Amino acid sequence: MGYAESRITEGPQCLRVDFGSSYRSFADLCLGTQVNRALLQAGDNEPEGHRQLHEALSAMARTAAIRPDFKLALVASTAAIEAVYREAQQALRSIGLNAWVFETVPDAMEWL
């Protein structure tokens, strides 16, 4: 299943999201679905958009809208995005979401 406007594809192992900054579609897709693994790969250098993702995931995790076995792999495209992802990783893990930042897509896929 593909979601062209936000570049979201559902593969055999996980939901893969290659982003500009279309996080709302991803967050909506994770709510109340069977998605339990996701790979987010940053495609831009817009840290504010990635902060919005962090806020959306935090809200979903706090309301128990994400499955308890959900795993989120984050792959940054730039140092600025990696800094945002590392901040998000710490905050998300503190509320019980299994999120990790990876340097490469193959490393992230292996973990997922």
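Is Gln 89 buried or exposed? In this predicted model, Gln 89 turns out to be buried, with a relative accessible area of 12%; buried here means under 20%, exposed over 50% and partly exposed in between, using a 1.4 Å probe and protein chains only. The residue sits in helix α3, and its partners are Ala 99, Trp 100 and Val 101, leaving aside residues up to four places away in sequence. A contact, for the record, is a pair of heavy atoms within 4.5 Å.

A few ground rules come first. Residues are numbered from 1 along each chain as its sequence is written, and side-chain values use heavy atoms, with hydrogens and water left out. Since the model is predicted, local features need pLDDT of at least 70 and side-chain atom pairs count only at pLDDT 80 or more, while totals for chains, interfaces and linings use all residues.

On confidence, pLDDT (the predictor's confidence in each residue, from 0 to 100) averages 76 over the protein, and 78% of its residues reach 70 or more. Where pLDDT is low, the predicted coordinates should not be read in detail.

As for the overall layout, the protein has four helices and six strands, running β-β-β-α-β-α-β-α-β-α along the sequence. These are DSSP runs numbered from the N terminus, with helices being H or I of at least four residues and strands E of at least two. Of the contacts with a separation of 6 or more, 63% join residues 24 or more positions apart. Buried residues make up 41% of the 112 in the protein. The accessible surface comes to about 5800 Å², with 49% of that belonging to carbon and sulfur atoms; the areas come from the Shrake-Rupley method with a 1.4 Å probe, and for residues only the protein chains shown count as cover.

Inside, the largest nonpolar core has 24 residues, and those with the most contacts within it are Leu 15, Phe 26, Leu 40, Leu 57, Phe 70 and Leu 72. At least two core residues come from each of β3 (15-19), α1 (23-30), β4 (37-42), α2 (47-62), β5 (71-75), α3 and β6 (98-102). Helix α3 gives the largest share, four residues. A second, separate core has eight residues, among them Cys 14, Phe 102, Val 105 and Ala 108. Such a core is a set of buried Ala, Val, Leu, Ile, Met, Phe, Trp, Tyr and Cys residues joined through side-chain atoms within 4.5 Å.

Phe 102 is buried at 16% relative accessible area, whereas Trp 111 is partly exposed at 22%.

Salt bridges also number one in the whole structure. A salt bridge needs a side-chain nitrogen of Lys or Arg within 4 Å of a carboxyl oxygen of Asp or Glu, and here Glu 82 meets Arg 86 at 3.1 Å, N to O. Both residues lie in helix α3 (residues 79-94), four residues apart, about one turn of the helix. Glu 82 is partly exposed at 29% relative accessible area, and Arg 86 is partly exposed too, at 37%.
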